Structure formats: structure tokens, C-alpha cells
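User: I am new to this structure and would like a close look at one part of it. Please start there, then widen the view.

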Amino acid sequence: MTRGPLLYARSRTLPRTVLVLGATTVLAVLGARNLNAYLDPSRQVPVVALAPLFAAAVIGTSLHSASDELDRTAVRPWWRRRLVHLTALTGCAAVLLAATVYGHPSPFGPAAMVRNTLGCAGLGAGAAALLGARLSWLPVFGYVSAVYVGSANARDRLVPVWAWPVQPAGQHTAWVTAAVLLAAGAALYVVRGARPEGRHA
Amino acid sequence: MTLLTERAPRERGASPRPPLARHPLRAEAVRGFAPWAGAAMLLVLVAALAAGSERWQGGWAETRDQVHAAAILLGVPLALAAGCWQGGRERRRGTEEMLAAAVRGRTAVFLASALPVALWLVAGYAVATALALLATWYCATGDRPHFGTPLADALVLASAALAGQVVGRLVAWRLAAPLLAAAGYVVLAVAGYGNHGSVRHLAPFTVVPSASAPVWWQPPTTAVWTGGLAAAAVLAYTARRRALALLPLVAATAAGALLVQTGDGLWPTAPLARRQVCDTSTTPQICVNARYQGLLPQVTDALSGLIDRLEGVENLPVRFEDRPGRPGPDEVELPMITPIGWTVVRGRLTDPEEYAWAAGVTLQGRAECEELAPRVARTDEAVRHYLAPSPLQRHFDEDDARRARSSAAARAELEAKLAARERLASMGDEERRAWLSSYFATRDACGAEGVPAL
């Protein structure tokens, strides 16, 4: 009984996933230090946008199960494990990444990092439910990178809604979008699980 | 029971010819991941370009640069990741051993899997580029479409897909594809925006002014540089004689050396950007850069009120000029048209009144003075107000009136300002012409000496 969660964690390669999240944090720290953000806080945007993006890819791919058909025959409901799995990794990534930009007060500081981690993780979880866990990084990468390039100097009223990953932490609309993405993606994944991929992907 | 050697009875009227055999590559091209990769490329590029369309639509050089930036900064990481994902397909399917026993050579088997993804990615990019060119075509104001850079970018994307496929075959890790994409973002951004001397020209993307155009051999050389590296990686991985990889590697090295050696000479100022088209019927003449010659009627129209008020005035500059570099001795700079997206959006002046006001400011020529005597500043303001008042003038005046209610000094300043405006407006035509002639004789002067009083 007590070994159940441990076996689950090993079957989802969770120890390695946490290690990769740690490595992402180290790289984000190195990146943030070289940006001289004290000159211009917006220089932190690449780190605040890209680090959560990669963390979401790591979390999304960890949702893959090598024995999906077998898992679905289990008597116990999976939703609790899925929920704990997703929230634990998302929380871990949010805390680790927020620490990378902690210190100098900035509109693109820890709060923006947490918001982006939550939004990207939700997007990745939703993609895992619709496309499959191993390919869940693709929509997240496509969306965030397109927004990063496209939103430069954009002056549309709806910019905070669709360009939430590059907004300052005080932009409430961006928080709403990220929260909606997290709720929708997490609900989709928790209820349906990752899309079965089989051996044809 | 039917023997396999038996022929099936031919249906009456059926064609004697065997059914058309489909090429094995067709299944690779129309099924699986390749079309999705092409669709992802199209969506990402279209979304990124559409979001900032006011910054490039209407200018052919700006369109080239924006599509180029999106293709390299977004497209190359995506192509690397898509190739990497496709490269791991046989491992995921468990068909590696079966393919290893195929009659065809490793290179042929590799290309059968890799080329469809590369071609679909290029197709997605081509559609996005065509849409961007169409979007610019209907509101273009001069210049012509530039095709060299987009063609080279297509080859760069195909090369990235092939290189990614090699990585995907070699690295058996679920995170290899996103990690490769993230590394691609970082490397391209650092190489493109950093200051690394001539070496930065090895990166497929570098920041260049929109008035620049690449020398004719830059796009093919960049294609050889990136394509050679990708071909070397493919041959080193698949060819039976791996020494063959040296051939593309040598070609890539030669191309890279040429790019580094030429350095900034790869992107000289375009000949068209050094020319301007002028309306010589006005004083001062109005010239617009030849890249935006279609804007000349709009600019002339916007400045018509200002030009009318200057009729008969002497000591004016000869023309408003719009070429790279500082204006000549008898010229003033035309208010900025570029970068597109501010004064000009989709081939239209966004605010002709504001533009005319900016032209009035450049005529006075005191923008670079560190300090101006209050009398000169008041006189300049009255002249600007007479020639072409700013559309925001009412707000400025309301602010001044609010300050004047609480401060005696501000009230005195406001009264002096309004009186100066009133004196200039109440002059007779001849008197005002003479006064403006003596006023413009002192343009560019930062001191109060010689500037006529109002």
C-alpha cells in the first residue's frame, strides 16, 4: 500500500522530472544574471517567458504513461493521482522558478514568473489531454514563442488577454487568462488523462 | 479455398491494367506528423506576424525583415524540434530493427522519413510568407518585394529540420525535442541580438536597419553555410562512407568564412534608400524617400496648410529631405516616416495634423539646443501655433491654464504666450511675411540674439 505512490512516481519518471526542473532553474538563474535587469526590468522578459515554457514542457511530458491501456483497467479512480501529480510538479516549478528572479523589485519578478508557470503548465496539461503527453510541448512552444515575437510594441486593447506571458505582474487581465488556462487544462487532464498514444506516434 | 497462385476472375468490363502503385513516399508525406508540423509552422508564423502587422505591412523591406525574424527566431527552433520528434519515431514505434534490415541504404531510409517533415515545414513557411507579401502588396507605398532572403530562409528551415532529425535519432530522451527548441531560441537570440563582431553574421538572423538590403550573394551563401552543416550531419550519421560528410562541411566552412570576412558589408544601405522623390512645386520642396514614394501625395497634402502659410517667406530651407544621414546645409529632415507603425500604418499617415506640427518643429531647427531663452521659446511656440498647431494643443493649453490658477509666475507666462500668438496672428500679410523671413534667418541659432521679438 505504502509503495503505491512511489511506484507511481517511478512509472512517470518523476524523480528525473524534478531533476530536470532543477536544471531549468539553474539555467534560468544564469540567464537572469546576465541580463542586467537593473538597467531595464523588461530585459527579464526572455527568462520570465522561456523558463516557464520549458518547465511546462517538462511537466507535460512527465504525464506520459508507458502502460496506458493497463492503467485504464484499474479499479481505483485515477483523477486524484493525476491532480496531485500535476499540482505538485506545477507548484514545485513555480517555487523554483520564482526564486530565480527573486531580489531586485521588478514588474517581471517572481509574481510574473509564477503566473507564467501556472498558465504554461495549464496549457501543457490541456495539450497532453488532447494531443498526448509526449507531444504536449508543441502547442506551448508554438503559442508562447509566437506571442513573444508578435506582441513586441503591439498596442491592441486585447494584448493583456492573449499576450499574458509577456505582461508585467500587475496586469490583472493576464492573471485571469493564466488562471483560466490552468483551470481548463488541469480539468481536462484530470478528467480524461493524457491522450493514449500507443506505438503509432 | 482459393490458392494464392490463382487469378481472381476478371470482372466484365474491368480495365486490364493493374491498379496504379503509389510511391512509398506518398504515405510519409500525407500521413503522420509531417502535415501537422507544417500546420504548426503556418499557425505560429501567421500569429506572430499578424499580431504586429502595423509594424511591417505596407513596406516591402519591413515585411522582408519581419518575416525573416519570425522564420528564424520562431521557425528554426520549431523545425529543430519537429525534426527531432520525427527522428525518434522509429524508437517510439519499435521499428528500428526492421528498418535497419531494409534493402535501401541508411541515407535513403533517413531521407524518406526526414524530407516530408522538412518539406511540410517549408510549405507552412511559404504560405505564411505569401500571406505576408499579399498583405503588404495592397498597401505598398514603393520599393518592390524582396525574394532572396525568404528563399534562403526556406533552406535554413529545411536544414534545421534535417539536423533536428539527426539529433532525434541519436538522443533517446523524451525531452530532446523541447530541449533542442529551447536551446535554439537561446542561441539564435544571443547570436542575433548580441554584439559579437563579424561572427554574428554566421547566425541566420541578425538585426539590420530596414534601409539595408543584402548583397545578392548573401542569401545563397547563408543557405550553403547552414545547408552544408545539416548535410554534413546527415551524411556523418547515415552514409556508409562517412568521409563524404567532409564535402558539405568544406562548402559550409568556405561559405561561413566568406560571411565572416565580409562582415557588415553583407548588408549595405539599399541603393533605393539613398534616393528620394520630391514635389518641387512647393517652398520648401517636399521630398520622400524613394522606398515610400507612394506617400508623397499624402505628405504634401498634410503639409499643404503649413506651406500655404509660408508663401512668400524668405530664408526658408530649400527642402524637406528624407535620406539616410544628416540633412545638407539648406535642408531640414522630413518628420519621421519610419519605423513603420507609428506615423505611417498600412500605407497611411496616421495623424496628418500631428505630422504637420512635427514639420513646423523641424523648420525651426532648434530641437538640439540644450537651453533656450524664455523669449525665444515663447516666439517659437507662437510660430509653431501659427504654422501648424498640434492636435494636442488644447490639452497643453488647459494644463497651462490649470497651473496659472495656482501660480502667479505660470499665469504671467501663459499671458505672455497667448499675447505672442495674438500678435503674430493679428499682423497684416506683408508684415507677417517680413517678420517670418527675419525669424527664419535665425533658425538653428540657440541664442536669443537676432531672433525677432513678438
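How far apart are the end C-alpha atoms of helix α14 of chain B, and what span should its 14 residues have?

Analyst: First, a caution: this is a predicted model.

Helix α14 of chain B covers residues 374-387. The reasoning takes one step.

Several of its residues are buried. They are B:Val376, B:Arg378, B:Thr379, B:Asp380, B:Ala382, B:Val383, B:Arg384, B:His385 and B:Leu387. What do they pack against? The partners are five helices of chain B: α12 (304-309), α13 (352-364), α15 (393-406), α16 (408-426) and α17 (429-440).

Step back to chain B and its domains. The domain assignment gives domain 1 as 24-269 and domain 2 as 275-440. The centres of these two domains of chain B, taken over C-alpha atoms, are 48 Å apart. They still touch: domain 1 of chain B gives 16 residues to the contact, and domain 2 of chain B gives 15. On the domain 1 side, 5 of the residues are nonpolar, 7 are polar and 4 are charged.

Next comes the partner chain. Chain A has 9 helices and 0 strands. Its pattern along the sequence is α-α-α-α-α-α-α-α-α. The radius of gyration of chain A is 17 Å, and the globule rule gives 17 Å for 201 residues, so chain A is as compact as a globular protein of that length. Along its principal axes, the C-alpha trace of chain A spans about 55 × 30 × 30 Å. Of the 201 residues in chain A, 50% are buried. Contacts in chain A also reach along the sequence. Take those between residues at least 6 apart: 77% of them join residues at least 24 apart.

Finally, see where the chains meet. Here 25 residues of chain A are in contact with 27 residues of chain B. On the chain A side, the elements giving two or more residues are α3 (45-62) and α7 (137-150). Helix α7(A) gives the most, with 8 residues. By class, this side of chain A has 15 nonpolar, 8 polar and 2 charged residues.

Methods
Residues are numbered from 1 along each chain as its sequence is written. Chains are lettered from A and ligands numbered from 1 in the order in which they are written. This is a predicted model: local features need pLDDT of at least 70, side-chain atom pairs count only at pLDDT 80 or more; totals for chains, interfaces and linings use all residues. Two residues are in contact if their C-beta atoms, placed from the backbone, lie within 7 Å. Helices (H or I, at least four residues) and strands (E, at least two) are DSSP runs, numbered from the N terminus. Ala, Val, Leu, Ile, Met, Phe, Trp, Tyr, Cys and Pro count as nonpolar, Asp, Glu, Lys and Arg as charged, and the others, Gly among them, as polar. The expected span of a helix is 1.5 Å times one less than its number of residues. A residue is buried if 20 or more other C-beta atoms lie within 10 Å of its own, exposed if 12 or fewer, and partly exposed in between; C-beta atoms are placed from the backbone. The radius of gyration is taken over C-alpha atoms; the globule rule is 2.2 Å times the number of residues to the power 0.38. Domain bounds come from an automatic or database domain assignment.
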